[in-house]
Amino acid sequence: MYCAKTWLTLIFSVCFLFPFPLEGSQVNLRIPHGFEFGISKKDALGLIESSKLEVISDREYSKNLRKVVLGGSLSGVTLDPPPDHETRLEFYKDNLMSSSILFSFEDETRFAFAKSELVGDLANVLGDTFKREKMFSYEVLSWDLSNTVVLASLNSKKRTIEIEYIYKPVLEKKTAKDLHLKRREDFGDPARQMFIDNNFSAQKKR
């Protein structure tokens, strides 16, 4: 019985951390890390409360943009032993726009192993053709799917890995608003937007 429960837990975790196989992926991609895209902050907090996760921060960046950071993860992780990690939820106009898990590692060996495992799993599921951008110790891999952008952000200096899913229907509303602001000469943070909009100058992996 114990083995059966452990196996079911592992399957459940994998389905949310890497929400595939490809058949039916459009449905599963809407619920990365256990939170369905488009849900309100109130509904997300209800899930968080029932799971007994700790809310580390709940910060409003602007009238329309808010980020909630949780200690741990709702769906669990597949890495063994599990590293320190947190879940980051970003809401635009009270709709969940992006969901990510940030992993932090104590040493270079564990970081390198996790990088190989996580990137390998993502490439196996999403395809080995992706965009890559690297600057010093910071590297971003991106997969542009029909309704979702998936980013793997790797920082070898800080030994962190962030796997982020961004929901395009909500992102496009934000992008349209940002464009309107830019036309009014409000440029915001161009470095961050370069990665979020997935418009940096990068070559496809060969």
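The model is predicted, so local features need pLDDT of at least 70 and side-chain atom pairs count only at pLDDT 80 or more, while totals for chains, interfaces and linings use all residues. Residues are numbered from 1 along each chain as its sequence is written, and side-chain values use heavy atoms, with hydrogens and water left out.

Buried here means under 20% relative accessible area, exposed over 50%, and partly exposed in between (1.4 Å probe, protein chains only). In a regular strand the side chains alternate between the two faces of the sheet. Thr 148, Val 150, Ala 152 and Leu 154 lie on one side of S7, with Val 149, Leu 151, Ser 153 and Asn 155 on the other, and both faces are covered.

Strands count as paired if DSSP finds at least two bridges between them. S6 (residues 138–144) runs antiparallel to S7 and is joined to it by seven bridges, with Tyr 138 opposite Asn 155. Three residues separate S6 and S7 in their hairpin. S8 (residues 160–167) is also antiparallel to S7, through eight bridges, and here Leu 154 faces Ile 161. The S7–S8 hairpin has four residues between its strands, and Arg 159 in the turn has a positive phi of about 60°.

Turning to the loop between S2 (65–71) and S3 (84–92), this is where Pro 81 is found. Pro 81 counts as partly exposed because its relative accessibility is 45%. Its C-alpha atom is separated by 9.7 Å from that of Arg 110, 29 residues apart along the chain.

Terms used. Helices (H or I, at least four residues) and strands (E, at least two) are DSSP runs, numbered from the N terminus.
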